[in-house]
Amino acid sequence: MLRLAWQRTPCCRTSPVELARLGAATAAFLGLGTPRQHCACSARCFRLLSRPSSTDRPACVLRCSAYPRSCVPFSMASGGEEPPTPHRHTNRLARERSPYLLQHAHNPVDWFPWGQEAFDKAKAEDKPIFLSVGYSTCHWCHVMERESFEDEEIGRILSDNFVCIKVDREERPDVDKVYMTFVQATSGGGGWPMSVWLTPDLKPFIGGTYFPPRDQARRPGIKTVLSRILEQWQNNRSALESSGQRIVAALRQGTAITAEPGAAVPLAPDVAKRCFQQLVQSYEEEYGGFRDAPKFPSPVNLMFLLSFYTVSRSSSEGAEALQMALHTLRMMALGGIHDHVAQGFHRYSTDSSWHVPHFEKMLYDQAQLAVAYITASQVSGETFFADVAKDILQYVSRDLSDKSGGFYSAEDADSVPASGGPEKREGAFCVWTASEVRELLPDMVEGATGSASLADIFMHHYGVKEQGNVAPEQDPHGELRGQNVLIVRYSPELTAAHFGVSVKRLSELLATARAKMAEVRKSRPRPHLDTKMLASWNGLMLSAYARVGSALEDEALLERAVQAANFLKEHLWDPSRQTMLRSCYRGDQMEVEQVSPPIPGFLDDYAFVICGLLDLYEATFQTSWLEWAEELQLRQDALFWDSQGCGYFCSDPSDPTLPLSLKEDQDGAEPSANSVSAWNLLRLSHVTGRQEWVQRCQRLLTAFSERLSSVPIALPEMVRALMAQHHTLKQIVICGRKDAPDTASLVATVNSLFLPHKVLMLCDGASDSFLRARLPSLSTLSPPEDSGAARALVCQDFSCSLPLTDPLELRTLLLDGTPPLQT
């Protein structure tokens, strides 16, 4: 039986063996042995294998037992907010705004940002390029900086013999994708920091991830790598260049995604069922999630399962899909991956029970998980899931929000312990000793059995132990010895019964305790905050606020969503050039700053913002957001659409600095921009009447048909779009005055349900001129007079239901019935 395994493998379809052979040949030619994955914050690709294999083990954890202790330094590099100190060196990265590049501004390395100045220097001096890619909250990026890039001797070797380019992968995902594809294809692994050596014309010839400063057993150090590359560059340069050209040519062929002549969109029910079956095979039943440790939240998988349930409610497979999604979401919320004191979710769990996390917090995780939890609440009716969604947005509003309305990118995993000292430790900001808890929560709880204190109740409920609750195998380097990662061990009912208090009283006690602990957390040294604001991730968060706010009828959340959209339009949209911008930054005076020249937006910037705007329209019915979404889609089509092979390129295919033009074919930590674009095209076609976007969606899905048919688990978000295309979106039209109670009641009914295959519109005769101009049929639907009741129509395939005024009848129709249709 076929088994799914997450494995670091080349993300391309031509001979991975041949590509690996070319990479191994180059490494052997340099005397480095076979390329291999070293300690790095891992990049993951998905592949269907005929036998089980080891899990993809991220190394961006100080506790990762996959790597020897020699990989791990005793102190962190410049990853946090530290007082200014005199610097011996300052390079040109000091002029940049990326927090990651600024972390390297005082290395004794002559760093360049990615750009023409560096390319011209490499050609003028005929030197190879050393490209180093990472991001500001990556642990192993900090390690390599401290060990190698702050080393005077290594800095001199790099500066004298190479043109050194430093890239923030979040700022330049186009550069990262191209060269990570090369590293994965030639070494079978990938991750950050990514280290790649290029010819002056930007062709890669060897690459890897983390390199220690000096040789360790059979692992070459960066000094050895540099000396051997220099030797071969001087004596056998033609062979290096030839190898790089062959690899790039093979990658260009192997990564091509095209719609073959005569090909058709694969059958949605078959693809969806195969995706479900593949997820079942990788599902871990005890704690939920997919595969064993380490466990990632994987919101794209959860959203697929919830969507699969909506079209398979009466089947056993539908019930199983729902159970898998709800159980996973519940166990994550109870686990240590969820920050029970300060809200939000950490990046992933290093164990199978969601207990001990990698403590980094990413904006894109918060956005997608908020949507997943509110969707679970809509499907199940459980307020527990809605509370978690609100909890996530509370964290984002407090800790990741800029006063301009934008959202910051991430919080680091590492910080200085409250006890002091120069060494940063992972999780220091978040963990607790038993003595700390007892000292902070000493009050006796009146009426509790056994004269229990608040600390006793809290420690029992959250699994706090005197000796710490982190197992040694989860902490091989002793950083969490004696510490506790909070994890809910008992249900409220069990804890309340154990201490003889009511469930309501227990809830109040735990809330009081968490609030006191949150105040203590505020006094601890904070982790580094990456204040870069990305269009794509802000688009994801815009969707989260809009969808959670509309489902809960929470005006404050909807107002925050509008602020986010205004931020995007003011700071990340260039109306003169009709161009999204990739990023902006928090300045020293808390103002929004931009680099010069600004970085143009990439495909995911357009796709995620368009999706957010569509969600915002359905939450607020302000048609100005629809107008901007339509404008952005037209611009996206002009910039990134492949008119020959179909589908969208991730970045501008005419960019001469990139040797490959790629189309992302994996829904990973973030959904693929092609997957989101398929959704956007369908939704926009139904609110603008543009039938060409329906056809474009079909051609996009056809381009990815091979991937969808064979390994749909790699593209669960695109499978959802395929399902929507198959079932045809329903247009739910509410006719009524926007602020009238009866209109709000009908809208609330729609928003209380998870209806993945719908678009929602308001016809109020005042603010819907945009819709009426594009959908002439709406002109026949006049809003009610002052005395008339608001009504809802459910339309599909050019036919509409009879008007409904009763919210309960509308709910029944949307969930269960086939509407009586009138043309």
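**Close-up views of a predicted model**

Val794 counts as buried because its relative accessibility is 4%; buried means under 20% relative accessible area, exposed over 50% and partly exposed in between, with a 1.4 Å probe and protein chains only. The model is predicted: local features need pLDDT of at least 70, side-chain atom pairs count only at pLDDT 80 or more, and totals for chains, interfaces and linings use all residues. Residues are numbered from 1 along each chain as its sequence is written, and side-chain values use heavy atoms, with hydrogens and water left out.

**View 1. Val794 lies in strand 24.** This strand covers residues 791–796. Helices (H or I, at least four residues) and strands (E, at least two) are DSSP runs, numbered from the N terminus. The C-alpha atoms of Val794 and Val733 are separated by 6.4 Å. Along the chain, the two residues are 61 apart.

**View 2. Strand 20 pairs with strand 17.** Strand 17 spans residues 532–534, and strand 20 spans residues 583–586. They run antiparallel over three bridges. Two strands pair if DSSP finds at least two bridges between them. Leu534 has Ser583, in strand 20, as its bridge partner.

**View 3. Strand 20 and strand 21 form a hairpin.** Strand 21 holds residues 592–593. Two bridges join it to strand 20, in the antiparallel sense. Arg586 has Val592, in strand 21, as its bridge partner. Five residues lie between the strands. In this hairpin, Met590 takes a positive phi near 70 degrees.

**View 4. The second largest cavity has a volume of about 680 Å³.** A cavity is a set of points, on a 1 Å grid over the protein atoms alone, where a 1.4 Å probe fits but cannot get out; lining residues have an atom within 4 Å of a point. Grid points are joined across faces, edges and corners, and a volume is the space filled by probe spheres set on the points. The lining has 34 residues. Val371, Arg547, Asp615, Arg683 and Arg720 lie nearest the centre. Elements giving two or more residues to the lining include helix 12 (363–380), helix 20 (603–620) and helix 22 (673–688). Helix 18 gives the largest share, seven residues.

View 5. Buried residues make up 62% of its 823 residues. A search of the whole structure finds eight cavities of 30 Å³ or more.

Notes
1 Å grid on protein atoms, 1.4 Å probe; cavity = no way out; pocket = protein on both sides within 12 Å on 5 of 7 lines; lining within 4 Å.
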